[in-house]
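Subject: Two-chain model, handover and notes

Hello,

Please find the model below, with my notes after it. Could you read them against the coordinates?

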Amino acid sequence: MTITEKILASHAGRRYVEPGEIVEVEVDLLLANDITAPLAIQEVERLNLDSLFDPKKVVFVLDHFTPARDVRAAENCRMIREFSKRYGIEHVFEVQDAGIEHALLPERGLVLPGELVIGADSHTCTYGALSLFSTGVGSTDLAYAMAEGRIWLRVPETMKFLCHGKWQRWVGGKDLILHIIGRIGVDGANYKAMEFDGEAVMALSMDGRFTVANMVVEAGAKNGIFPFDEKTKLFLAGRAQRPYSVPEPDREANYCSVWEIDVGTIEPLVALPFLPSNIRPVREVGRLPIDQVVIGSCTNGRLEDLTVAAEIMRGKKVKKGVRCLVIPATQRIYLEALRRGYMEIFLEAGCIVCPPTCGPCLGGHMGVLASGERAVATTNRNFLGRMGHKDSEVYLASPAVCAASAIKGEIVHPEEVL
Amino acid sequence: MRFRGRVFKFGDNIDTDVIIPATYLSSTDPEELKRHCMEPIVPFFYEKVRQGDIIVAGSNFGCGSSREHAPYAIKAVGISIVIARSFARIFYRNAMNIGLPLLEADILHEVDGGSEIEVDLKEGKIAIGPRTFASRPPPPFMLEILGEGGLINYLRRKRVERV
């Protein structure tokens with residue numbers, strides 16, 4: 001069995017499962033945010049429950065339209081707080097504990113190797129970087145799991161991505177996952193697991209691995225997963241909230257396909273509107289002036305991302321007329337970036353630093369686009385109207401490309417500003 | 001479960017940001033959500049649809065976010081069933097869970113927009129004029145969830161049975 005199959009088997013109380021089977025599994029942790037929790041809560045209310053299956057396993061993160069962008073967003077947050085109080089849910093993250101859910105849960109050691117996590121948010125797949133099964137579901141599935149502690153899942157086939165070679169300068173996890181989505185397409189992994197291995201992906205930091213796992217849903221995948229190694233262990237040391245056991249694939253595991261990737265051939269990439277699979281090397285996109293840059297999100301708002309951006313922006317100025325938003329993904333990342341002097345670099349350069357929020361990524365608030373505007377962003381989706389007006393455009397790229405583009409005022413390779 | 005309605009055609013990769021833009025997600029009221037359904041590509045879609053009409057689409061329908069507001073909006077508009085070459089997995093679960101029927105079938109190039117078709121979900125059969133197309137119906141437990149009007153109704157019944 002693959003790592004994914006092993007985790008599903010253990011949570012189904014079975015010794016063996018195979019792809020295509022539908023199994024009912026126990027859930028170790030379940031998650032919703034300020035957009036998806038209200039619908040889930042409404043459904044739970046219809047069940048008239050005295051108690052949830054286990055309130056300690058429920059996490060709410062208020063991150064999408066927060067700090068509350070309007071009265072209705074505020075009412076939704078209040079509803080979540082009240083529900084949590086009533087059912088004894090302690091893991092409610094906001095304000096001093098604010099953060100974008102998929103950066104926050106790993107940071108707090110709430111998602112651990114070998115576990116099975118579901119979240120009412122499509123990017124829940126991010127946690128697979130820590131060698132666990134995590135997948136996005138909707139609010140009703142979440143409501144069901146809040147009541148029952150279980151969920152049905154179809155065991156996915158696993159696609160394996162073996163990554164070798166030496167990384168070029170300014171190329172990282174974001175470029176790798178864009179490269180893969182470009183190759184297999186936006187439904188190339190529909191209903192499947194994507195497993196990453198090989199010395200090149202294991203050379204990535206945990207932050208880089210989170211970025212890769214985060215965007216597997218952009219290829220339609222159910223989950224993305226990495227093997228456990230010393231870096232995983234080190235990341236979890238002093239963080240893990242529970243003991244965990246490490247899942248390992250069998251030698252004779254079956255993969256529905258194996259993809260060999262030489263990362264040395266990958267250049268800094270950009271995904272053009274309106275699909276994440278619409279990939280071009282940044283050197284080939286031509287001179288595209290931009291109105292806005294976003295450096296943040298559950299994909300690329302972590303410390304390493306801010307480090308790269310600060311390295312490029314040090315002593316430089318954002319092009320006049322360009323709005324560059326920097327959004328640290330959590331309060332802790334914000335504080336650490338401040339201590340390291342990145343915030344001074346960003347502010348001196350003319351960036352706006354926003355509080356941790358999903359904000360503009362999904363066109364919610366904190367920097368949405370007007371008609372005819374173009375943004376380059378470290379976010380994960382460039383669908384029609386994703387960041388605001390339906391006649392605006394989002395180009396997806398790495399923090400390095402975004403930082404360089406902010407300085408140049410058009411989408412450029414980082415080398416062009418150094 | 002049989003459906004009869006006029007066809008609205010959509011292409012590949014109809015994502016949830018198009019089905020219901022995120023800025024409207026502060027609401028959970030289907031009547032409000034429906035007014036913005038498909039807004040970026042078909043303004044006033046809700047005024048064009050008659051109760052029972054059918055969406056026919058290409059591959060990867062519903063890709064993107066996990067927002068259940070998307071199937072709620074489609075259902076509230078009056079669409080009785082969505083037929084697509086393939087569905088994104090979260091959307092598939094969400095739609096079935098709230099009682100919006102889906103059928104996987106590759107008929108986009110077999111139908112004209114505005115024409116009337118008939119669907120027998122349980123049999124996986126689609127009648128387009130004199131022609132009939134066969135496809136794989138959803139598994140029995142999913143039909144059962146749909147029959148109950150969604151997953152939570154299904155669970156309510158199960159919990160009563162358990163007691």
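Two residues are taken to be in contact when their C-beta atoms, placed from the backbone, lie within 7 Å. By that criterion K125(B) touches D120(B), T132(B) and A134(B), leaving aside residues up to four places away in sequence.

The model is predicted: local features need pLDDT of at least 70, side-chain atom pairs count only at pLDDT 80 or more, and totals for chains, interfaces and linings use all residues. Residues are numbered from 1 along each chain as its sequence is written, while chains are lettered from A and ligands numbered from 1 in the order in which they are written.

Helices (H or I, at least four residues) and strands (E, at least two) are DSSP runs, numbered from the N terminus. A residue is called buried if 20 or more other C-beta atoms lie within 10 Å of its own, exposed if 12 or fewer, and partly exposed in between, with C-beta atoms placed from the backbone.

To finish with K125(B): this residue is found in strand β6 (residues 125–128) of chain B. K125(B) has 17 C-beta neighbours inside 10 Å and therefore counts as partly exposed. From K125(B) to M96(B) the separation is 29 residues in sequence and 18 Å in space, C-alpha to C-alpha.

The interface

Between the chains, 41 residues of chain A are in contact with 33 residues of chain B. On the chain A side, α2 (37–45), α3 (71–87) and α5 (139–148) each supply at least two residues, and the largest share, 6 residues, comes from α5(A). The chain A residues that touch chain B divide into 17 nonpolar, 13 polar and 11 charged. For that division, Ala, Val, Leu, Ile, Met, Phe, Trp, Tyr, Cys and Pro count as nonpolar, Asp, Glu, Lys and Arg as charged, and the others, Gly among them, as polar.

Helix α7 (residues 151–162) of chain B has buried residues L151(B), I152(B) and L155(B). Seen down the helix axis, the buried residues of α7(B) fall within an arc of 90° (taken from the directions from the axis to the C-beta atoms), so they line one face of the helix. What do these buried residues pack against? Their partners are α2 and α5 of chain A, together with α5 (89–98) and α6 (140–148) of chain B. The face of α7(B) turned away from the buried side carries the exposed residues R157(B), V160(B) and E161(B). The expected span of a helix is 1.5 Å times one less than its number of residues; for the 12 residues of α7(B) this gives 16 Å, and the end C-alpha atoms are 16 Å apart, which agrees.

Sheets of chain A

Two strands are said to pair if DSSP finds at least two bridges between them. One open sheet has 5 strands in the order β4-β3-β2-β5-β6 (chain A), with parallel pairing. β4 (91–93) and β6 (133–136) of chain A stand at the edges with a single partner strand each, so one side of each is left without a neighbour in the sheet. Strand β5 (residues 116–120) of chain A pairs with β6(A) in the parallel sense over 4 bridges, and L116(A) stands opposite F133(A) there.

Another open sheet consists of 4 strands in the order β10-β9-β8-β11 (chain A), again with parallel pairing. Its edges are β10 (223–225) and β11 (257–262) of chain A. Strands β8 (residues 158–164) and β9 (residues 193–197) of chain A pair in the parallel sense over 5 bridges, with A193(A) as the bridge partner of T158(A).

Further along, 4 bridges join β17 (residues 374–377) of chain A to β18(A), the two running parallel. In strand β18 (residues 393–396) of chain A, E393(A) and Y395(A) point one way and V394(A) and L396(A) the other, and all are buried.

Helix α6 of chain A

10 of the 12 residues of α6(A) are buried, so this helix is largely enclosed by the rest of the structure. Charged residues K174(A) and D175(A) are among the buried ones. The buried residues of α6(A) pack against β8, α8 (206–214), β12 (269–271), β13 (279–281), α10 (297–300) and β18 of chain A. After α6(A) comes G185(A), whose phi is positive, near 90°.

Regards
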